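Colleague: I am new to this structure and would like to know what stands behind the terms used for it. Could we go through them in turn?

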Amino acid sequence: MNSTRCLLLLLGRSGRSAVQHAALLQSASSSQPSVLQSKVLRHFHGSSACAKNRPVPGQFNEDDKKRDRSLVAHEDLFEQLAKDVKTKATFNKVIEVFTKRDIRRRGHVEFIYAALKKMPEFGVERDLAVYNKLLDVFPKEVFVPRNFIQRMFNHYPRQQECGVQVLEQMENYGIMPNVETKVLLVQIFGEKGHPVRKYQRLMYWFPKFKNINPFPVPKQLPEDPVDLARFSLTRIANDLDAKVTVYQLPHTDVTESGAEITLPHIIGIQSPSQMELLAKHNPNRPVFVEGPFPLWLRKTCVYYYILRADPTPPEEKVEELYDPERCLDYPLQLDLDLDRDFGDEESFDVEDLDEGPVFAMCMTSQGDQATLNQWISGLQENNPILGQVPTLFRLDSGPRELQGVADGESHHSYQPHPETQGQEPEPGEEAEVIVEEEPRRSQGTKQ
Amino acid sequence: MLLQKITRLRPVRLLSSIHQQQLLLPSTTALSVPRRSVIQNEYRRPGQPRENKFPWQKINFDFSKGLQGIKKHFALLKKEFLARWVGPQGKPILEHMLEQNRVIWEFRGPESLEQWTLSSDQEIGGQSEIYLKLGKNTNTCFLYGTLSSVPPRDGETRYSGYCTMRSKQPLASFDRKEHYDWTSFNTLHLRVRGDGRPWMINLAAEMYFSHQKDDIYSYFLYTRGGPYWQEVKIPFSKFFLSHRGRIQDDQHPVWLDKVNTIGFTLGDKADGPFQLEIDFIGVCKDYAHTEEFAYEVYKRNPEV
């Protein structure tokens with residue numbers, strides 16, 4: 001009969017229906033076609049989830065028997081499979097082992113939480129491909145709500161929460177998701193679920209805030225201390241005309257006694273305006289070498305030293321007259337007796353801070369007086385006045401005075417390089433200096 | 001409070017049922033997202049027992065302090081009455097209308113430090129510290145401390161490591177709340193000297209509904225580091241709305257007529273000491289800035 005042949009063709013695919021189609025043939029000969037049709041329809045109306053979770057082919061079952069069925073926590077799985085080598089490859093391997101183990105991915109939520117916790121150990125927390133692979137662990141299309149009631153009632157809340165946590169870890173590390181993440185999330189959770197909403201928020205706010213730093217720091221800082229010092233000095237100099245000079249490169253030297261000492265790098269920066277200020281400095285007043293001051297670049301802290309002087313007291317201030325021939329297009333100074341209205345006041349009613357001029361900055365890994373002396377003598381080549389001016393060193397020594405607890409060293413385990421003196425982040429005072437310390441940093445002058 | 005207790009039990013029970021199904025040991029801490037009840041009480045540090053004191057038991061009575069208080073409040077009251085005769089908000093009307101720059105916070109003496117409150121994650125059990133003192137030249141404030149992002153071990157908190165300095169709410173006579181009125185300005189102007197760390201500036205405005213109590217308008221303050229002072233100008237149109245640290249979907253520009261406090265927060269996950277010097281904080285009117293709001297106001301995540 002025609003109908004039974006069609007039925008045979010349609011039912012030919014499923015393995016287990018070999019028995020069933022024999023029964024159907026029997027029933028086809030005897031019963032009416034409507035009953036046949038209803039039996040056939042019942043097969044096609046099985047849920048789509050069932051159709052996907054078909055019995056897996058034979059090879060998996062054999063593997064199950066071979067593996068021992070001990071109770072293994074997910075974190076231990078990571079430890080087992082990646083004993084010594086913790087790299088991206090082994091992390092991916094662990095994920096693959098989990099996905100291949102069970103077609104239904106039982107326990108995937110706990111596995112994903114464990115994987116998120118283990119990511120920093122493996123060093124893959126900033127890798128978008130790994131996050132996409134982790135999202136791939138979720139079974140697809142099972143958690144997509146199929147009608148408005150399911151959408152309303154937070155369909156599969158644990159899995160949605162887990163998806164949101166994956167995205168939250170991406171947000172914490174500042175990783176922008178890509179189109180593959182969106183496709184995965186839509187496949188897994190549907191378009192109106194919490195993870196996709198969170199993805200949309202990430203894609204809205206991250207681009208808005210990506211480039212708002214007016215002093216951007218590159219993600220990959222230079223490894224070489226000389227290059228790092230060069231970069232940070234140009235950053236704090238705030239002057240594009242400033243010139244960086246390398247006074248000494250780091251190298252090891254053998255002294256007369258045969259001991260090997262490592263000499264640190266000394267890199268300084270000075271701009272032409274700073275050179276002018278130094279040239280105008282009164283040789284009777286001392287200049288101070290102060291430091292170390294901290295500078296943070298993302299997660300690394302570097303230290304710099306400055307050469308500055310106290311502000312000139314008002315009686316010694318020499319007013320510089322503008323040379324009228326410097327600019328013939330318009331007068332540089334106007335002696336008009338005009339009053340400014342309220343609406344035209346463009347400056348704030350604050351006293352101007354005069355902290356004294358800064359003449360130069362330097363960075364070195366070893367901040368003792370000998371190294372800084374080298375820096376000063378290097379500066380002297382371009383600023384001969386330094387030979388006559390007394391130089392005082394105000395380097396930090398001793399713990400913070402204000403905290404009352406004398407343990408300045410306990411905080412400083414983060415430092416990338418050791419320094420001989422106590423490093424305090426705030427400018428400390430040298431014990432011998434009796435003179436009250438004047439403000440040590442100059443205002444931003446014209447830039 | 002009862003509501004919180006009930007809703008807390010439910011997620012734990014659900015998770016345990018899932019565990020029974022899968023016969024696995026709980027390898028990670030169960031992610032119990034605390035359900036927020038509709039009425040939000042004062043912040044309770046996780047792990048601390050709830051205080052069962054009645055509100056009247058918390059007041060302590062003292063005669064000399066009372067006298068001082070009376071003197072202070074009546075003096076403030078008198079000043080307020082007389083200020084009305086001078087002009088709006090105690091300033092002559094021309095000055096009020098045409099003012100272009102106003103310095104709100106300056107640090108000219110130890111009493112200026114009384115206007116600020118410091119807070120760090122030690123309140124939730126963390127290890128960051130923050131201190132405030134006058135700068136070396138007594139004209140600036142020096143905010144310094146150590147940041148530590150080790151989370152407290154109370155089973156609930158996952159992230160930690162923040163330090164903040166917040167201005168106190170201005171008070172009129174008899175401890176009535178007063179607000180700053182910055183409607184005639186559109187830019188926040190600061191002069192700071194940082195150490196290269198990124199800070200966040202938070203403005204808290206007076207809101208109408210109690211649910212909006214923790215609404216904060218924030219923006220970032222990037223410091224350059226170095227020995228030179230840095231002038232930072234942030235227009236108020238750039239401040240985005242966040243509630244309890246979560247940036248919101250419905251954004252609107254900050255309403256400047258009732259600003260309560262300003263705050264500076266550091267939470268950049270870089271452990272170590274930090275410092276920030278602030279010279280002054282002022283507001284100014286920038287005629288060249290015509291932007292009303294920097295973010296989209298329409299609903300970007302419409303519901304189903």
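Colleague: What distance separates the centres of domain 1 of chain A and domain 2 of chain A?

Modeller: This is a predicted model, and in it the two centres, taken over C-alpha atoms, are 51 Å apart. In chain A, domain 1 covers 64–210, and domain 2 is made of 225–316 + 354–395.

Colleague: Which residues belong to the domains of chain B, and what separates their centres?

Modeller: Domain 1 of chain B is 62–98 and domain 2 of chain B is 101–284. Their centres, again over C-alpha atoms, lie 27 Å from each other.

Colleague: How do you know that domain 1 of chain B and domain 2 of chain B are in contact?

Modeller: Contact requires heavy atoms within 4.5 Å. Seven residues of domain 1 of chain B meet seven residues of domain 2 of chain B in this way. The area buried between these two domains is about 680 Å², with 47% of it from carbon and sulfur atoms. On the side of domain 1 of chain B, H73(B), E80(B) and Q89(B) supply 56% of the area buried against domain 2 of chain B, more than any other three residues.

Colleague: What makes strand 7 and strand 12 of chain B a pair?

Modeller: Two strands pair if there are at least two bridges between them. Strand 7 (residues 198–205) and strand 12 (residues 259–266) of chain B have seven bridges, in the antiparallel sense, so they count as a pair. A204(B) stands opposite T261(B) of strand 12.

Colleague: Why are strand 2 and strand 11 of chain B said to stand at the edges?

Modeller: The open sheet has seven strands in the order 2-5-12-7-8-10-11, with antiparallel pairing. Strand 2 (116–120) and strand 11 (246–247) each have a single partner strand, so one side of each has no neighbour in the sheet.

Colleague: What makes the phi of E141(A) worth a remark?

Modeller: Most residues other than glycine have a negative phi. E141(A) is not a glycine, yet its phi is positive, about 65°. E141(A) sits in the loop between helix 9 (128–135) and helix 10 (148–152) of chain A.

Methods: Residues are numbered from 1 along each chain as its sequence is written. Chains are lettered from A and ligands numbered from 1 in the order in which they are written. This is a predicted model: local features need pLDDT of at least 70, side-chain atom pairs count only at pLDDT 80 or more; totals for chains, interfaces and linings use all residues. Side-chain values use heavy atoms; hydrogens and water are left out. Helices (H or I, at least four residues) and strands (E, at least two) are DSSP runs, numbered from the N terminus. Domain bounds come from an automatic or database domain assignment. Buried area is the accessible area (1.4 Å probe) that two parts lose on being put together, summed over both.
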